[in-house]
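Hi,

Here is the structure I promised to pass on. Have a look at it first, and then read my notes below.

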Amino acid sequence: MTSTPNRRTVVLGAFGVATAVGLFERAEPAIAAEDPELARRFKDLSENGNSTCSAKFTDSIATMPAMARIKGSCCSPMELKRYGEQVRGLAKYRAIPMIPGDPYDIAAATAQQMMPYYDLKLTGDEQKAYDYAMANSEEKGPCCCPCWRWKVYGGLAKYLIHEHRFTGEQIVDVWDLSDGCGGGM
């Protein structure tokens, strides 16, 4: 037997949904008030991105001017709260210029430098660190799909492991903070 909800149930349910939505929507104005520059960058990147997951876009990176920017998310809309977490989290890696400080605004020159590292053959222990990152990162790799980010951040990981002796755990941290697919985690 199914029951029809009464008016009180419908009204209270609608009120509950509206309250919950309001709670989630309050986070963005709070972040914007805390860091207006971050909110401005978020608005620009989320509305003016050029990033796509296509093979054509991946191939185009090699011919982009070094000063060109790869901007925005490629799969889902960006979320301000997550964007703030990522930018703040990546700040701990500022000493390594090859790690982009903003996963949604990457210099073409950096992408061009990291892509060739993707084909680097790692030593046994280095490969174990890379394999650990593949198995333990949120996306189970440098990105959610084998696009330009996969090659750039896969190359970045090999560079960091080979040149800076990063562990698999550190690569997981970089990859998870650098997730540029959009959405939250």
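Thr58 is buried, with a relative accessible area of 13%. (Buried means under 20% relative accessible area, exposed over 50%, and partly exposed in between, using a 1.4 Å probe and protein chains only.) You'll find Thr58 in helix H4, residues 55-60. Leaving aside residues up to four places away in sequence, Thr58 touches Met115, Cys147, Trp148 and Lys151; contact here means heavy atoms within 4.5 Å.

Before you go further: this is a predicted model, where local features need pLDDT of at least 70 and side-chain atom pairs count only at pLDDT 80 or more, while totals for chains, interfaces and linings use all residues. Residues are numbered from 1 along each chain as its sequence is written, and side-chain values use heavy atoms, with hydrogens and water left out.

Now the whole chain. It has nine helices and two strands, in the order α-α-α-α-β-α-β-α-α-α-α along the sequence. Helices (H or I, at least four residues) and strands (E, at least two) are DSSP runs, numbered from the N terminus. Of the 185 residues, 41% are buried. Among contacts with a separation of 6 or more, 73% are between residues 24 or more positions apart.

Next, have a look at helix H3 (residues 36-47) and helix H5 (residues 80-90): their axes come within 10 Å and cross at roughly 115°. (Axes are lines fitted to C-alpha atoms, for helices over the stretch in contact, and angles run from 0 to 180 degrees between N-to-C directions.) H3 and H5 are therefore roughly perpendicular to each other, a label for angles of 65 to 115 degrees; under 35 counts as roughly parallel, over 145 as roughly antiparallel, and the rest as oblique. On the H3 side, the contact is made by Leu38, Ala39, Arg41, Phe42 and Leu45, and on the H5 side by Leu80, Tyr83, Gly84, Val87 and Arg88.

How enclosed is H5 by the rest of the structure? Largely, because eight of its 11 residues are buried. Those buried residues are Leu80, Arg82, Tyr83, Gly84, Gln86, Val87, Gly89 and Leu90.

Lys128 sits in helix H7, residues 124-136.

Cheers
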